[in-house]
Amino acid sequence: MGDLQEVARPRIAAGQLAQHIGQPVCFVGRVEKIHPTGKLFVLSDGVGKHTTVELSEPLDEEISGIIEVVGRVTNQATIMCMSYVQFREDKSPFDLELYNEALKIIHEFPEYFPFG
Amino acid sequence: VQSPGGFGSPAGAQTEKKQRSRSQNIVPCTVSQLLAAEQVDETFRICDVEISQVTVVGIIRHAEKAPTNILYKVDDMTAAPMDVRQWVDTDEAGGENVVVPPGTYVKVAGHLRSFQNKKSLVAFKIMPLENMNEFTTHILEIVNAHMILRKNLTSALRAPPAFPAGISDVGSFGGGSSLPVNGLSAHQSQVLNLIKSCPVPEGMSLQELKLQLHSMSMSTIKQAVEFLSSEGHIYSTVDDDHYKSTDAE
């Protein structure tokens with residue numbers, strides 16, 4: 001699959017996964033559940049829609065809160081994760097709903113926020 | 001006409017009649033916009049909007065310390081990570097020379113550069129984000145700034161376009177030619193405009209600001225100064241009470 005870091009990874013909400021099958025994306029969401037095998041977890045986006053994120057290797061740490069995933073969208077509209085980071089919330093909680101609003105705006109005005 | 005070295009604007013009348021939207025502020029940008037910027041002589045343009053000082057928010061993917069500088073690769077997902085170089089003050093101990101670790105989200109304020117067709121940033125400030133909502137705000141500020149700057153190229157300066165509901169307004173500006181591109185509140189822009197207008201090398205002191213801004217309390221002024229400093233609009237000079245604008249006037 002290769003390193004996706006060198007290409008544009010559009011930020012999307014769960015509702016847009018279907019339009020990005022096979023493509024690199026960046027998804028931010030809240031951890032809802034983690035599969036016992038550690039090879040898959042579910043994130044919810046700013047409007048509460050769920051997305052399944054799959055890993056090639058099981059998680060080696062506990063994850064919680066807000067996670068930003070970079071990966072490729074599978075045919076089943078899940079995300080095959082290449083890398084992830086946890087957003088810090090030690091000082092302030094992250095407003096996921098506001099982030100969703102921002103996504104709507106960048107998708108409405110791609111000329112002012114280009115990916116690639 | 002001999003133009004001065006450094007940041008002074010060239011003497012003499014501006015002969016170019018071509019209409020341009022010159023941004024004298026720091027413009028929030030995506031890495032993709034910076035990579036697409038076209039260079040003509042010494043200036044860069046993104047869709048005809050002139051840019052120089054920019055802010056970028058992204059995650060550090062790589063950090064390499066050299067004797068005189070730290071080279072970071074900053075990734076905002078819009079393109080490949082961008083090289084960001086921060087010169088270190090070799091005389092200064094501690095503070096300024098701390099390397100920000102990979103995996104940290106930061107806001108970078110700096111100048112766009114191009115060398116052998118490769119774009120990079122020279123940062124004058126790299127601030128780890130403590131509140132990740134600033135990352136979301138930066139996204140919104142980018143759209144707002146570029147929309148306003150581009151629209152000003154095609155029409156006379158007019159009231160800023162209404163921002164979609166649910167987002168707090170960009171902030172009103174009391175007179176002057178400043179473009180409301182940075183989401184500054186009325187207090188912040190008043191403080192910034194005063195600091196910008198100060199010609200002395202050591203900049204404007206908090207006491208002078210208080211004298212000129214009768215209606216603003218010292219704590220409001222200090223809050224505005226702290227915000228402007230963290231956004232890269234101003235910097236402290238002789239001490240923490242004196243500030244100058246980062247704009248090259």
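Visitor: How many residues of chain A are in contact with chain B?

Guide: Bear in mind that we're looking at a predicted model. In it, 29 residues of chain A are in contact with 31 residues of chain B. The area buried between chain A and chain B comes to about 2700 Å², and carbon and sulfur atoms give 65% of that.

Visitor: And how many salt bridges does the rule find across that interface?

Guide: The rule asks for a side-chain nitrogen of Lys or Arg within 4 Å of a carboxyl oxygen of Asp or Glu. Across the interface of chain A and chain B, 2 salt bridges turn up. One pairs Glu130(B) with Lys91(A), with the closest N and O atoms 3.2 Å apart.

Visitor: Let's turn to chain B by itself. What is there in the way of helices and strands?

Guide: Chain B has 5 helices and 13 strands. Of its 249 residues, 48% are buried. Chain B exposes about 12600 Å², with carbon and sulfur atoms supplying 52% of that area. Take the contacts in chain B with a separation of 6 or more: 59% of them come from residues 24 or more positions apart.

Visitor: Which residues of H5(B) are buried?

Guide: Start with the general idea: an α-helix has 3.6 residues a turn, so residues three or four places apart point the same way. In H5(B), the buried residues are Ile221(B), Ala224(B), Val225(B), Leu228(B), Ser229(B) and Glu231(B). Looking down the axis of H5(B), you'd see these buried residues within an arc of 160 degrees, so they line one face of the helix. The face turned away from that buried side carries the exposed residues Gln223(B) and Glu226(B).

Visitor: What follows H5(B)?

Guide: Gly232(B) does, and its phi is positive, near 90 degrees.

Visitor: Which residues other than glycine have a positive phi?

Guide: Met77(B), with phi near 75 degrees, is one of them, and Gln116(B), with phi near 50 degrees, is another. Met77(B) lies in the loop between strands E7 (69-75) and E8 (82-87) of chain B. Gln116(B) sits in the loop between strands E9 (105-115) and E10 (118-128) of chain B.

Visitor: Is each of them buried or exposed?

Guide: Met77(B) is buried, because its relative accessible area is 1%, under the 20% cut-off. Gln116(B) is exposed at 69%, over the 50% mark.

Definitions and conventions. Residues are numbered from 1 along each chain as its sequence is written. Chains are lettered from A and ligands numbered from 1 in the order in which they are written. This is a predicted model: local features need pLDDT of at least 70, side-chain atom pairs count only at pLDDT 80 or more; totals for chains, interfaces and linings use all residues. Side-chain values use heavy atoms; hydrogens and water are left out. Buried means under 20% relative accessible area, exposed over 50%, partly exposed in between (1.4 Å probe, protein chains only). Helices (H or I, at least four residues) and strands (E, at least two) are DSSP runs, numbered from the N terminus. The arc is that of the directions from the helix axis to the C-beta atoms. Contact means heavy atoms within 4.5 Å. Accessible areas come from the Shrake-Rupley method with a 1.4 Å probe; for residues, only the protein chains shown count as cover. Buried area is the accessible area (1.4 Å probe) that two parts lose on being put together, summed over both.
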